Amino acid sequence: MIVTASASAINSPRKPCCPVTRRLPCASPGRCAILSCVCKEGQRRFEATAELVLCCRILPLRGTSVQQQTRSSDFDTDLLIVGGGINGTGIARDAAGRGLSVTLVEQDDLASHTSSASTKLIHGGLRYLEYREFRLVREALIERERLWRMAPHIIWPLEFVLPQSNSPRPAWLVRLGLFLYDHLGGRKRLPATRTVMLDRDAIGRGLKPGNPKAFVYSDCWVEDSRLVVLNARDAADRGATILTHTRLIAARREESGGWLATIADAAGTRELRARALVNAAGPWVAQVLGTVPDARRDRGVRLVKGSHIVVPRLYDGGHAFLLQNPDRRVVFAIPYEQDYTLVGTTDESWQGEPAPAVIDQAETDYLLRTIARYFERSVAPDDIVWTYSGIRPLYDDHAADASAVTRDYVLNLDTGNSGAPMLSVFGGKITTYRKLAEHALQQLARFFPAAGPAWTADVALPGGDIVDADFERYLSTLTARYPALPAPLLRRLARAYGTRTERLLGDARTTADLGADLGGGLFAREVDYLRDQEWATNVEDILFRRSKLGLHVPAGTDARLDAYLASISGSARGGSPVH
């Protein structure tokens, strides 16, 4: 069915202009996006006008693919995407916005593995210059400011201090690398690198005495698991079906073209016919290939484990540190959740099948030694508040050192004998996910000639349609609208949901209108929103992936939350949220 305009937009005389992309006004207040779409029936061009002071979206005709609009089809979906990490959800969003019908299956929760276990940075990757990864660094640097504009509620600038104490690299070489870093990617909003003397600048407080020279450069922070969920949410808003806790059991090409896939969830197994298959399973990419009898296996994946520790705050200030170790590896120390410092990552080769990863003693010792090398405050193993680990599925370039394995991505298109396409994703990093998705759709373009053009470069993610990407100004507006709600609660909600905070809060005036407080300011209304709109089904989804409230809430919150989820499970929905 076609999504109708919100009540606030019904008064506008404008109607959906494009029968293919279905431009519709949305309910999010803010500046007009001045977007455009191209109608495939006559190639007429339409633009939103300043008369409609609303953000505009491009939405496909729900349940109907571009191919199905021109002729009848026996296919259930155009694209079947396997994997609910950042690459899978990014491809789903891009494809759905081009008018393709999309079904995404994820065996666990969205972002339940690699995509929630990153260092949580949108960055070019300064250290990759050392390995001459110039193309990757340039692409990532260009994407850095673009993603910040798309989602300023979950992405924001962060200064990094790079001390020369204990540096295995001469200062001139580091400064040369930072000069390239400043100029490779068309930096516009972030400040340029500067040199500081740590013994004279407050930015050095908390560090042990040593070589006082340091460099300060800028990248961006990202709430990584929320970035994944917002891409999935946007894909669903544009017609995609998102199925969590659903596994691909088998897939085979049909002689007549297309794919016959068997998928399974708690309710059982069923078959689904798709025109194309996208293997974005991350660490499980090889396992998915194993379900396809005639799949090409001429590309490999190198599994590398990365671990992080969270400790009580090591220093004052909102800046981060990039710390150089004698083995030439680098470790980040980043302000985290107000009260803590995030320290990581490690790089350890992973042997065997992919599985949930946990930090080992050697990794813990390595990170604690790094802290002891640089910071005045001592940290013992018992001081560690939380750890997390993930397996990165890097493209296997046969590098001897796990730290030197390329972070670039490779897309492998396999059409088999029947011509049914399967696109497998090897490698990648969170910063380049949008460009990877764009390249993936370019690879598949010849199989979907009626699909729309690339569109994601300048369209905000859900909640990111903040005027001038000015989060603090938006927060002031939100606070004025809800003056009786606690300021810390409003800031947390705005950081998580952006402009969609108003959908969550609705007509609430006080916290009493938000339902039961399950602990630490987590109210029932927010849990309902996460369940209905963001595929959250259990305590871990809510406390450690949709948020990091698990680090803050009082004892007993998890039990109360679990009981509340059980009490509402009778009305739980499966698959994609209600559109």
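Visitor: What makes the 50 residues a nonpolar core, and which of them touch the most other members?
Guide: This is a predicted model, and in it the largest nonpolar core has 50 residues. Leu79, Ile81, Ile91, Val102, Ile155, Leu227 and Ile242 touch the most other members. As for helices, H6 gives the most to this core, with seven residues.

Visitor: Which residues does leucine 79 touch?
Guide: Leaving aside residues up to four places away in sequence, leucine 79 touches Ala95, Leu100, Ser101, Val102, Thr103, Ala276, Val278, Leu444 and Phe448. To count as a contact, heavy atoms have to lie within 4.5 Å.

Visitor: What other core is there, and which residues does it include?
Guide: There's a second, separate core of 34 residues. Among its members are Leu493, Tyr497, Val553 and Ile568.

Visitor: Back to helix H6: why is asparagine 231 called buried?
Guide: Asparagine 231 sits in helix H6. Its relative accessible area is 0%, and buried means under 20%, so asparagine 231 is buried. Setting aside residues up to four places away in sequence, asparagine 231 touches Ile86, Thr89, Gly90, Arg93, Tyr433 and Leu461.

Visitor: How do you know that arginine 500 and aspartate 237 form a salt bridge?
Guide: Check the distance! The closest N and O atoms of arginine 500 and aspartate 237 are 2.9 Å apart. The cut-off is within 4 Å, so the pair counts as a salt bridge. The two residues are 263 residues apart and link distant parts of the chain. Arginine 500 is in the loop between helix H11 (487–497) and helix H12 (501–505), while aspartate 237 is in helix H6 (residues 224–237).

Visitor: Are those two partners buried or exposed?
Guide: Buried, both by the numbers: arginine 500 has 5% relative accessibility and aspartate 237 has 9%. The limit for buried is under 20%.

Visitor: What makes aspartate 294 and arginine 253 a salt bridge?
Guide: Here the closest N and O atoms are 2.9 Å apart, and within 4 Å is what the rule asks for, so the pair qualifies. Aspartate 294 lies in the loop between helix H7 (285–290) and strand E15 (301–312), and arginine 253 in strand E12 (residues 247–253), so the bridge ties together parts that are 41 residues apart in sequence.

Visitor: Why is aspartate 294 called partly exposed?
Guide: Aspartate 294 has a relative accessible area of 36%. Arginine 253, at 10%, is buried.

Visitor: How do you know that arginine 392 and aspartate 347 form a salt bridge?
Guide: Their closest N and O atoms are 2.6 Å apart. Again the limit is within 4 Å, so this pair passes too. Arginine 392 lies in strand E20 (residues 386–395) and aspartate 347 in the loop between strand E18 (340–344) and strand E19 (348–349), so parts 45 residues apart in sequence are tied together. Arginine 392 is buried at 16%, and aspartate 347 is buried at 8%.

Visitor: How many salt bridges are there by this rule?
Guide: The count comes to 40. Some residues join up in a network of salt bridges: Asp109, Glu540, Asp541, Arg545 and Arg546.

Visitor: What makes strand E13 largely enclosed?
Guide: Five of the seven residues of strand E13 (residues 259–265) are buried, so the rest of the structure largely encloses this strand.

Visitor: How do you know that E13 pairs with E12 and E14?
Guide: Count the bridges, since two strands pair if there are at least two between them. E12 and E13 run antiparallel and are joined by six; for instance, arginine 247 has alanine 264 in E13 as its bridge partner. E13 and strand E14 (residues 268–279) pair over seven bridges, also in the antiparallel sense. A hairpin through two residues joins E13 to E14.

Visitor: Which residues form the nonpolar patch on the surface?
Guide: Phe134, Trp172, Leu173, Leu176, Phe179 and Leu180 do, with about 590 Å² of accessible area together. Helix H5 (residues 171–183) supplies the largest share, five residues. Phenylalanine 134 is in helix H4 (residues 134–150). At 40% relative accessibility, phenylalanine 134 counts as partly exposed, and patch members need over 30%.

Note on methods:
Residues are numbered from 1 along each chain as its sequence is written. This is a predicted model: local features need pLDDT of at least 70, side-chain atom pairs count only at pLDDT 80 or more; totals for chains, interfaces and linings use all residues. Side-chain values use heavy atoms; hydrogens and water are left out. A salt bridge is a side-chain nitrogen of Lys or Arg within 4 Å of a carboxyl oxygen of Asp or Glu. Helices (H or I, at least four residues) and strands (E, at least two) are DSSP runs, numbered from the N terminus. Buried means under 20% relative accessible area, exposed over 50%, partly exposed in between (1.4 Å probe, protein chains only). A nonpolar core is a set of buried Ala, Val, Leu, Ile, Met, Phe, Trp, Tyr and Cys residues joined through side-chain atoms within 4.5 Å. Patches are made of residues with over 30% relative accessible area and no salt bridge: like charges are joined within 9 Å, nonpolar side chains (Val, Leu, Ile, Met, Phe, Trp, Tyr) within 5 Å. Accessible areas come from the Shrake-Rupley method with a 1.4 Å probe; for residues, only the protein chains shown count as cover.
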